Amino acid sequence: MVCSVHGCEQPTLARGWCGMHYKRWKKNGDPLVKSSKIRKTPAEYQKKRRELHPESVAEAAKRYRLRNSEKVAAWNRHRRALRQSVESEFYTVDMILGVYGNVCHLCQSEIDLQAPRRAADGPGWETGLHLDHVTPISKGGSDLIENIRPSHAKCNLLKGATAT
């Protein structure tokens, strides 16, 4: 006798199936199913990993943000511009400095590029570099290079959300 599965010409072993189809039936409940493993999609895998290992996922995210601070900043600027429904483009600090130099557009004095950029990073932050939107995004300004200028951290924070 020959296996009852269409196209299989092997001799029967049990239940009218050859050895291969009989093993598939024993393992999976169906002689035609090759594997009972149901593969997870990447999203399902990531969700399960976040549930099982929240600390290691958070640590990996923190390491990524530290290594890729420029990318993270660009992504956050882009998301903010999308929320405000204004134009946005990718730019880096080096691109802005290449176009406008390292002079504060608000007080016209030189910016210390070695100074910390945030108050939490130590003393001297006031003269550190900030990228200022000439017309703030909150006031309808774009996130394009034409609307970005280098400024001192203190000058930018004192200016607030006003257009210059």
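Residues are numbered from 1 along each chain as its sequence is written, and side-chain values use heavy atoms, with hydrogens and water left out. Because the model is predicted, local features are given only at pLDDT of at least 70 and side-chain atom pairs only at pLDDT 80 or more, whereas totals for chains, interfaces and linings use all residues.

Two salt bridges were found, a salt bridge being a side-chain nitrogen of Lys or Arg within 4 Å of a carboxyl oxygen of Asp or Glu. In one of them, Lys159 pairs with Asp132 at an N to O distance of 2.9 Å. Helices (H or I, at least four residues) and strands (E, at least two) are DSSP runs, numbered from the N terminus. Lys159 is buried at 11% relative accessibility, and Asp132 is buried at 3%; here buried denotes under 20% relative accessible area, exposed over 50%, and partly exposed the range in between (1.4 Å probe, protein chains only). The other salt bridge joins Arg118 to Asp121, whose closest N and O atoms lie 3.0 Å apart. Arg118 is exposed, with a relative accessible area of 52%, while Asp121 is partly exposed at 44%.

Helix α1 spans residues 19–28 and has His21, Arg24 and Asn28 as buried residues. Viewed down the axis of α1, the buried residues fall within an arc of 55°, so they line one face of the helix; the arc is taken over the directions from the helix axis to the C-beta atoms. An α-helix has 3.6 residues a turn, so residues three or four places apart point the same way. On the face of α1 turned away from the buried side, the exposed residues are Lys23, Lys26 and Lys27. Gly29 follows α1 and has a positive phi, near 85°.

Zero disulfides were found in a search of the whole structure, a disulfide being a pair of cysteine sulfur atoms within 2.5 Å. Cys3 takes part in no disulfide, and the nearest cysteine sulfur to Cys3, that of Cys18, is 3.9 Å away. Cys3 is buried, with 6% relative accessibility. Cys18 is likewise in no disulfide, and the cysteine sulfur nearest to Cys18 is that of Cys8, 3.7 Å away. Cys18 is buried, with a relative accessible area of 2%.
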